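Subject: The structure we talked about

Hello,

Here is the structure I promised to pass on.

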Amino acid sequence: MKTKLLTTSEKDIALAGEIIKKGGLVAFPTETVYGLGANALNSEAVKSIYAAKGRPSDNPLIVHIAEKEDIIPLVKEVTPEAQALIDEFFPAPLTVILKKSDLIPDTTSGGLDTVAVRMPENETARRIIKASGVPVAAPSANTSGLPSPTKAKHVIDDMNGKIDAIVDGGDCKFGVESTVITLATDIPTILRPGAVTKEMLEAVIGEVEISPAVLEGMSEDETAASPGMKYKHYSPKAKVIIVNADKARFEEFVNSRKNAFALCFDGDDIKIPHLTFGSEGDDLSQARELFDRLRQLDEMGAEKVYARIPSRSGVGMAVYNRLIRAAAFNIIDLKKPYTIGLTGQTGAGKGYICEYLKEKGFKIIDADYHSRRLTKRNSPVFPILQAEFGKDVVVDGVLNRKLLAKRAFASRERTDRLNEIMHPAIKKLCRDEAKGLCVLDAPQLLEAEMQNECYKIVSVTAPESVRLKRIKERDNITDIEAKERIMAQHGEEYYLSQSDYTVINDGRADVKAQFDRILEEIL
């Protein structure tokens, strides 16, 4: 197919309208992103949108209108809430979902009994819709899954040769798609955030909820009620990873990365190859530039991109929503003290892994070391330990560790009591040491409830026979004493059920290769 490149002249606008009216496809600018328009009432024309984009047919489309009253025949009822939003905002980057009329084919609504309608603010868009004489279904004019187009060039890159015409109307004003609010639920609910914010909507119609899918993604059995709700969307070819960190920590982290790019804010001090997407305090500038920068990163050959996290308030929520989907919800949370929490049963062999991670540039925070610091001569915890485990566990100001271990590991209850005494102080000492890429090596990490302070949890496992041998050799104790220590801990399933990753360290498996795969995924 030869794609016509049109301007915003009266002649070209009329031609674009005629193409749509006859069942063809035309890409045109809106104030949000470029849309790929077809006659919303023509099922075959709408099917050609899905084909051109490579878009799943269960993903509903937004119907665009030129005048406010054009919504009336498309829906069963214009509710009072809908009318209030239309009166206040239309034309605007706002889409309203209502129960559909019989005019709307299932192809347009993605098989749903609702329809999404908006009246674009962009004058060129409304001129084209008016020239076509029909409501226009228009998703973003890009290959499905790729970043949405905010410039005519983006549309040409994706759609040239696949559609009838492209109208070049310059750069888009906002740069992220419209806010989508459904009024087909008991409480009006935002399904996709945009330039019209929750606060702006509530000022007109009262309480508005935000769908959990906006920030967390859809559940496996959930049907997409709006465009842009799919798990991975707006994504470049590069792997994008969001970094949750303040300016200084983000800079420190990304500047230590090799063979990577950064997506950051104006003024960030970044040494590796990078692009900026607006200013930290200006969410509108971030929205305008995000999709263009994601496309530029592909043009630069980026394979892995670390992106600084935007705010989740105001229009920033829309930016975050698009970026989190571009990253397939992959976030490194450096606002947590520890990048990796390393745990597992005694004798599993965490020490070997810690040495390897130290070589990789991680700072190892050893909870056992801080436990020993806490129990050095004349420690203030000694009287508490003596009251619980016997006065003879401390002699002349020195802790008899072997005797304390024998008594504390005699039962799960006694072990839990030792943890209650020791954990709060050990946790504080560990936190005081945490900075940068940290690994918390803590056999009692889960029992101390420190998992929420770690970005990812890794459990190390080994067969019981291997652990018994290691414990006996490490601590110079008997077989019975080693078994008591194993029995005083939770079983393997306890650790596996609460961990993000598992590493097998049985003396035969390639532990380094296992951890390399984990690090590749999370970093």
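**What I found**

With a relative accessible area of 62%, Glu 449 is exposed; here buried means under 20% relative accessible area, exposed over 50%, and partly exposed in between (1.4 Å probe, protein chains only).

Before going on, a word on the source: this is a predicted model, in which local features need pLDDT of at least 70 and side-chain atom pairs count only at pLDDT 80 or more, while totals for chains, interfaces and linings use all residues. Residues are numbered from 1 along each chain as its sequence is written, and side-chain values use heavy atoms, with hydrogens and water left out.

Asn 378 sits in the loop between α13 and α14 (382–389), and it counts as exposed because its relative accessibility is 55%.

The other detail is a peptide bond: the one from Phe 90 to Pro 91 is cis, with omega near -5°. Pro 91 belongs to the loop between α3 (80–89) and β5 (94–99).

**The protein as a whole**

The protein has 20 helices and 23 strands. Its C-alpha trace spans about 95 × 45 × 40 Å along the principal axes. Of its 523 residues, 56% count as buried. The accessible surface comes to about 22400 Å², and carbon and sulfur atoms hold 49% of that (areas come from the Shrake-Rupley method with a 1.4 Å probe; for residues, only the protein chains shown count as cover). If you take contacts (heavy atoms within 4.5 Å) between residues at least 6 apart in sequence, 69% of them join residues at least 24 apart.

**Two buried side chains in loops**

Gln 345 is placed in the loop between β17 (338–344) and α12. Why does Gln 345 count as buried? Because its relative accessibility is 7%. Its side chain reaches the backbone oxygen of His 490 at 2.9 Å, which is a polar contact (a pair of N or O atoms within 3.5 Å; within protein, one must be able to donate a hydrogen and the other to accept it, and residues adjacent in sequence count only if both atoms are side-chain atoms). Leaving aside neighbours within four places in sequence, Gln 345 is in contact with several residues, including Lys 350, Val 460, Arg 467, His 490 and Tyr 495. Gln 345 and Tyr 495 are 150 residues apart in sequence, yet 8.1 Å apart in space, C-alpha to C-alpha.

Ser 235 lies in the loop between α8 (213–216) and β12 (239–244), and it counts as buried because its relative accessibility is 5%. Its side chain reaches the backbone oxygen of Ala 326 at 3.1 Å. Not counting residues up to four places away in sequence, Ser 235 touches Gly 145, Leu 146, Pro 147 and Ala 326.

**The pockets**

A pocket here is an open set of points on a 1 Å grid over the protein atoms alone, with protein on both sides within 12 Å along at least five of seven lines, and its lining residues have an atom within 4 Å of a point.

The largest pocket holds about 1300 Å³ of space, a volume being the space filled by probe spheres set on the points, which are joined across faces, edges and corners. Its lining has 43 residues, and Asp 368, Arg 372, Phe 409, Pro 443 and Arg 474 lie nearest the centre. Among the elements that each supply at least two lining residues are α12 (350–359), α13 (367–374) and α17 (464–475); α16 gives the most, with 7 residues. By class, that lining has 18 nonpolar, 11 polar and 14 charged residues (Ala, Val, Leu, Ile, Met, Phe, Trp, Tyr, Cys and Pro count as nonpolar, Asp, Glu, Lys and Arg as charged, and the others, Gly among them, as polar).

The second largest pocket holds about 480 Å³. Of the 14 residues that line it, Arg 257, Lys 258, Lys 304, Tyr 306 and Leu 523 are the closest to its centre.

Best wishes

How values were computed: On a 1 Å grid over the protein atoms alone, a cavity is a set of points where a 1.4 Å probe fits but cannot get out, and a pocket is an open set with protein on both sides within 12 Å along at least five of seven lines; lining residues have an atom within 4 Å of a point. Helices (H or I, at least four residues) and strands (E, at least two) are DSSP runs, numbered from the N terminus.
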